[in-house]
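Here is a friendly briefing to read beside your model. It covers cavities and then a sheet.

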Amino acid sequence: MTTLNASFSEQFFSRRLSDLHYHGLTIIDSHRSIQSAASLMRTEKISILFVSDTSQNLIGYLTDITLRDKVLAQGVPYDQPVSLIMEENIISINQDDFLYEALLLMFQTKTRYLLVKKKEAYIGWISRTKILMEQSNSPFIFIQSVRQALDTFELAKKWRQVPDLVNRLIQQGLKASIINQIITSIADTITLRVIENVMHVLGPAPAAFVFFVLGSEGREEQTLKTDQDNAIIYEDKANEHREEVRAYFLEFADKVSTQLDTIGIDFCKGGFMAKNPKWTHSLSHWKRNYLTWIQESSEDTIMKYATFFDCRAIYGDFALLEELKTYTDEQLMHTTERFWVHMGENALKYEPPLTIFKGIKSVKIDGDKKINSKEMMNPIVDLVRVFALKNGIHPTNTGKRIAQLRANGIFSEKEAQELDHAYYYLMSLRLEKQAVQLMKNGTIVDNFISLQELTKVQLVTLVEIFKVIKSFQLKVKINFTNTIF
């Protein structure tokens with residue numbers, strides 16, 4: 001099992017790309033031949049070659065794997081231009097970003113290479129291998145091992161190891177926001193492996209599609225008590241092909257969800273999964289869904305479907321989801337006040353458990369006084385979401401939304417700090433309790449925290465957090481429901 005020591009935690013998660021030496025760019029014109037590209041790669045002793053157009057803009061790249069899979073395996077003549085075989089999904093990152101952010105981006109985009117930018121200029125490239133060589137005992141080595149898992153049985157074994165990994169990260173003092181991203185990246189990687197395995201069995205999809213995730217995974221805020229929240233958008237097809245296309249994706253979704261459930265990522269009890277025919281549809285159908293939720297909003301629809309505003313693509317044609325988001329943004333710009341009132345009211349449903357004497361209300365479970373950590377966090381997610389949607393802020397992650405709201409002047413510096421600290425303090429507490437639960441009993445985990453297990457400092461901190469939530473809920477009332485009562 002992956003181990004982690006204090007020096008690693010202190011060093012790796014604080015290091016930036018600028019701390020490393022990265023390769024310079026070797027570029028070839030798009031009209032040059034495949035053979036000349038291979039010859040240049042051999043001369044320069046490099047595994048990646050970037051391709052430029054006539055204006056010297058980078059438009060793609062090719063690697064040794066590209067030459068193997070797209071040239072040798074398919075018998076493409078060597079005198080053809082490199083533009084014929086190049087990969088076009090160029091992914092870049094700023095040199096001031098952290099190493100862990102670079103690795104997470106690589107895992108999310110399934111790329112082995114990143115272009116490194118200084119401001120707007122490309123200054124080099126770096127490989128996943130290079131970063132992984134910088135450290136040996138890390139969660140990223142574990143994620144890499146998940147990528148290499150062959151079947152459902154092996155993926156399930158990896159998922160069962162996650163609580164121990166998370167507990168080690170918590171004990172080393174790693175920020176909850178980073179741990180969320182690591183858990184999310186592991187879950188994403190497992191899902192990608194399942195999708196690839198299912199597509200190998202079913203064959204190529206009959207239409208372009210995107211598999212996307214919602215809720216906590218869509219916000220990159222997964223904990224150890226997680227279930228499936230996902231959906232599929234496929235491109236619109238002519239009438240004579242609609243049934244064929246839909247049948248493929250429903251079978252595909254059923255197999256993916258069933259395998260994920262077998263691995264330990266449980267079926268969604270509310271049915272918000274691609275295997276549910278309600279959540280596998282064409283792009284035009286999805287646009288109608290969002291239009292209905294926005295224009296005909298009610299207290300009930302907002303409560304049920306708010307999670308669909310926290311969505312993120314993980315496989316397929318990402319442009320389909322981007323088109324849906326662009327369409328949704330346009331609708332939000334011209335929506336009725338009623339929609340924002342219902343969104344605001346949704347953020348007010350949970351009342352922080354404070355007594356009139358500023359103590360903590362609890363529920364008795366098996367004779368023990370407990371509080372629900374998920375319910376404590378939900379109002380922060382909801383109130384940040386409504387401010388983000390109202391102000392055209394696109395990140396779905398709660399922490400990133402808070403930072404952008406501060407940058408845009410919607411939240412003051414103090415407000416943003418209080419909200420960020422409150423949210424991730426609760427998240428850290430929740431993750432720690434879940435990890436301990438899973439390590440003790442293997443499978444049973446919930447969101448309840450016993451008040452008896454908390455220190456006096458933790459109890460006082462929770463009271464202050466509840467005060468922060470109440471203060472922000474007043475801000476929601478004023479801004480969205482036109483009332484303070």
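**Cavities and a sheet**

Strand β5 gives the largest share of the lining of the largest cavity, three residues. This is a predicted model, where local features need pLDDT of at least 70, side-chain atom pairs count only at pLDDT 80 or more, and totals for chains, interfaces and linings use all residues. Residues are numbered from 1 along each chain as its sequence is written, and side-chain values use heavy atoms, leaving out hydrogens and water.

**The largest cavity**
- Its volume is about 60 Å³ (the space filled by probe spheres set on grid points, which are joined across faces, edges and corners).
- β2 (48-52) and β5 (113-118) are the elements that give two or more residues to this lining; strands are DSSP runs of E, at least two residues, numbered from the N terminus.
- Among the lining residues are Ile48, Phe50, Tyr113, Leu114 and Leu115.
- The lining divides into eight nonpolar, two polar and no charged residues (Ala, Val, Leu, Ile, Met, Phe, Trp, Tyr, Cys and Pro count as nonpolar, Asp, Glu, Lys and Arg as charged, the others, Gly among them, as polar).

**The sheet**
- Three strands form an open, antiparallel sheet in the order β11-β12-β13; strands pair if DSSP finds at least two bridges between them.
- β11 (363-365) and β13 (448-450) are at the edges with a single partner strand each, so one side of each has no neighbour in the sheet.
- Three bridges join β11 to β12 (residues 368-372), and Lys364 has Lys369 of β12 as its bridge partner.

Conventions. Helix = DSSP H or I, 4+ residues; strand = E, 2+ residues; numbered from the N terminus. 1 Å grid on protein atoms, 1.4 Å probe; cavity = no way out; pocket = protein on both sides within 12 Å on 5 of 7 lines; lining within 4 Å.
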